[in-house]
Protein chains: 2
Amino acid sequence: MRHARILPGPNGGAPSVYADWLDAPGRPTVLLYGHFDVQPAEPLTAWRTPPFRATIAGSNLFARGASDDKGQLFIHLKALESHLASGGRLPVNVKIWLEGEEEIGSPNLDAFLDHEIARLRADAVVVSDTEMAGPGRPTIIYGLRGMLACTIEARGPRRELHSGRYGGAVHNPLQALCEIVAGLHDRHGHVTIPGFYDRARPAPLDERRDLRRHAVSDAALLADLGLSSGWGEPDYSMAERVSLRPSLIVTSLCDAGAPAGKAAIPARATARLNVRLVPDQDPDEVAELLRRHLAAVTPSSVRVRLIVTGGAHPVLMPRNNPATTAMVRAVTRTWGVPPVFTRSGGSIAAVERLHRRLAVPVVLLGFGLPDDSIHGSNEKLDLPTFFRGVETMRRFLTEYAR
Amino acid sequence: MRHARILPGPNGGAPSVYADWLDAPGRPTVLLYGHFDVQPAEPLTAWRTPPFRATIAGSNLFARGASDDKGQLFIHLKALESHLASGGRLPVNVKIWLEGEEEIGSPNLDAFLDHEIARLRADAVVVSDTEMAGPGRPTIIYGLRGMLACTIEARGPRRELHSGRYGGAVHNPLQALCEIVAGLHDRHGHVTIPGFYDRARPAPLDERRDLRRHAVSDAALLADLGLSSGWGEPDYSMAERVSLRPSLIVTSLCDAGAPAGKAAIPARATARLNVRLVPDQDPDEVAELLRRHLAAVTPSSVRVRLIVTGGAHPVLMPRNNPATTAMVRAVTRTWGVPPVFTRSGGSIAAVERLHRRLAVPVVLLGFGLPDDSIHGSNEKLDLPTFFRGVETMRRFLTEYAR
C-alpha cells in the first residue's frame, strides 16, 4: 500500500489509520473499513488466556478483538498482501480506513468526515465487522440497528448518608434509578417511553419469513445461552427481537464510585443505557422522548438528568449493486453456497455515516461466528473461517474488477 | 491499664483489643466498648483532606473514623489517662474491649463471645459510638435498630452478551434486579415483602411525643441535606422513620465486575441490601421472608438467590439503673443540661449482643454530631465536643463509684 498514514482524531479523539493503492485507472475504487479499538476486557478473572496476547488453542485464536474487529480487519490486509505478493498489483483501486473509536459510538465521526470525506471517496465500501449465521454460512448484513448510548444520573442528598441514620427518610438515588429503569419496560418487554415505537417501521413480511428460514430458533438460542426462557416482545421470535425491533438495555448501574460494601446512601447514582434503534428511529429524537419521559416520571425527591454519550442512525442498504453482486460471486465460489442476506442487531456508526455521506453501497460481509463471545470474556476467532475469509476477500477484489 | 492484649478473631476474623484495670475491690466494674475498624473511604476524590491522616481545620478534626469510632473510643482512653495521671488509680474497675469488625456487621461476634464472655463480665457497659441530638445537646441512646445485610444475586445467560446482538431477546440480569429492587417498596415508601411489618412493635405514643420535642424537624433536615422533599412512610416524620420504623436500603447494584462503559448484557448482577429492623423484628426471620418474596416474584427468565452477609437484632435498653443514673449526673454537671433520651436508626451488633449475653445495662452516650458525615466523605469530629466528652467520661467514672 502507498500513502499509509495516521490521521489525527478531531476534538482530541483517537487517531485513525489511512492507506491507499490507486494504480488501477479505469477500475472502481473500494474503501475497506475496520476498527482497531476494542471493548474493555474486564472482568479479567473471567478469561482463560491473557486477553491482550493472542493464544491459539485448537482451531481458535483467543484475544480481545480476535473477532471484533482486529481479526476481521486483518482478513482484508492479508487478502491485499496476497494479491500484491503474487502479481505486484491489485485488481481494483483500494482505500483502507481503520477507526479507533467504534466501540465508544464514534463520537467524533461527523467532525472527522467533515474534514476527510474527500479522501474516503470510493464506489463502494466493504466492511468485515459482523457475524455469519453459523459456521459455513456466509452472511451479508444489509441492515444494522442504530444506537443511542446515554446515562441517566440521579442526585439525592448533597452528601452520602449513613444508611442507618437516614435509611427510610430520604429517597435513595440508587433506588430511584432502579424504579426509573424498571419502569422503562412493561411486563411484556415493551419499552414504555411514550412515542418510542412511533417511527419504528414495521418489519416487512418477507423479511420475517426469511428470518424464520435462516435464523437460529428460539430453542437453539436458549440452549446455547443456558436459559430456560427468553424475554421481550411476545409477538416476535428472539431473532426478530434482536434485528427487526428496537430494544433498550441497561448496561450498568452504580453509585458514584463507592465500593460495594459501604453501608451508605449515595448522593448520586448513574445508569448507563444502550438503546438499539430500527429504521426510521432517530437517536436524537429518542433521546428527547426519553428526556421528556424522565421529567414526567421523576418524583420531587430526586433530581434526574440525561447525558447523551453516543449515537448512530439505523441503516438499511440496497442489495442490488455491482459491489454486492461481486461479493455474492466471491462468496459462492469460495464457500460453495450463496450468502444469507439478513439484518444484524448490532450498530456500526461508520457504516450508516459512510453510506449516507458517500452515497455509495456498503457491503457487510463478516467472518465472526455466533459463539465468538464478542464484547464478552474469552473472545475468539475461528481460524478455518479466517483463512476462508482471506480467500473470499481476495476473490472479491478480482470479481469487483470485472 | 494492665493486661492489655490483642485477642485473635475466631474463624480468621479481625483481632480485637482487650485491657483492664481491676484494682478497685468492692466497686462496680464497667466495660467500655468501641471499634477501631472504619467504613471504606472511597470515593477518595470526594475528600478535601487525606482520609487516613488526621487534619485539624478550625475546630474540626477530619479523617475517616474521626467520629465513627476511633475519635470516640479515644475519649474513653483520655478519660482513663486523666484519672491515672492525677491519682494513679481509677474510681471503679474498668475493662476495655475494642472490636475490629463492627462496620461489616460483626460476623464473628457470637463465636468470639462463646469463647470470651467470661473475660468481658461487668456490671454495666458504656459505649460512645453514636451522635448527639445537636451541638451542646448530649444524648443517651436507649434503642438501636437491628440490621440484615444481604446480597441479591441474579443470573441470566451463561456468558456476557453483546448488547446489540442479544438486546431485547433475553432478560438482562441487571434489569431484572432493578425490577426486583424497585418492587421492594410501594409508591408510599412501604416495604412490600409480605409479613415484613408483622413483628415491628408499634412505636409508643410517649416516644413519638418525645421525638417531636427533641428531634430535628423535617424542614431543618431537608435543608441540611439539600433536598426539596423527603420520602418514606407518610404517617411518620423523617426522624420517626429513621428510628422507630424499619427500612430497606439498596446500597449498591452492579454487574459482576465489568467496567461501566462496556456495551454488554452481564451474565450476573448483584444488589446489596441494608435492612434496618425495629423490635421485635428478627434478622433471620426477615431474611426468610425476603427469600420467599424473591421466589414468588422472580420470573423464569432469570435465577435469583439471597446471600446473607450480616445481621444484628434491634435492641431497647432499660433507662433506670445505676450506670445510667451516674451518666445522667455526669452529663448534667458537665453540660449544664440533662441528656436527651432517644432511639437511633443505626445498628451496633455488639450492643445488642453484650446487652443480651452479659444481661447488664448498656449506656450509649455518643459525642458525634449530626453533620459529622460518618460513612461519607470528609468525616470529622468536633474538637470542643471531644474535650467535653473526655470531661464527661472522667466524671462518669467518679459518679459510678458512689
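Analyst: R402(A) is exposed, at 70% relative accessible area (buried is under 20%, exposed over 50%, partly exposed in between; 1.4 Å probe, protein chains only). E399(A) is buried, at 3%. The two form a salt bridge, with the closest N and O atoms 3.6 Å apart (a side-chain nitrogen of Lys or Arg within 4 Å of a carboxyl oxygen of Asp or Glu).

This is a predicted model, in which local features need pLDDT of at least 70 and side-chain atom pairs pLDDT 80 or more, while totals for chains, interfaces and linings use all residues. Residues are numbered from 1 along each chain as written, chains are lettered from A and ligands numbered from 1 in written order, and side-chain values use heavy atoms, without hydrogens and water.

Over all chains the rule counts 54 salt bridges. One of them joins R353(A) and D110(A), at 3.0 Å between the closest N and O atoms. R353(A) sits in helix α10 (349–358) and D110(A) in helix α2 (109–120), 243 residues apart (helices are DSSP runs of H or I, at least four residues; strands are runs of E, at least two; both are numbered from the N terminus). R353(A) is buried, at 8%. D110(A) is partly exposed, at 32%.

Chain B has a pair of its own. E240(B) and R208(B) meet at 2.8 Å, N to O. E240(B) lies in helix α7 (238–241) and R208(B) in helix α5 (205–214), so the bridge ties together parts of chain B that are 32 residues apart in sequence. Both ends are buried: E240(B) at 3%, R208(B) at 18%. Back in chain A, bridges that share partners join D110(A), D114(A), E352(A), R353(A), R356(A) and R357(A) into one network.

Now the interface. Here 80 residues of chain A are in contact with 80 of chain B (heavy atoms within 4.5 Å). The chains bury about 6700 Å² between them, 55% of it on carbon and sulfur atoms (accessible area lost on being put together, summed over both parts, 1.4 Å probe). Four salt bridges are counted between the chains. One of them pairs D224(A) with R159(B), at 3.1 Å between the closest N and O atoms. The elements that give two or more residues to chain A's side include α4 (173–182), α6 (218–225) and β13 (268–277). β11(A) gives the most, with nine residues.

Conventions
Buried area = accessible area lost by both parts, 1.4 Å probe.
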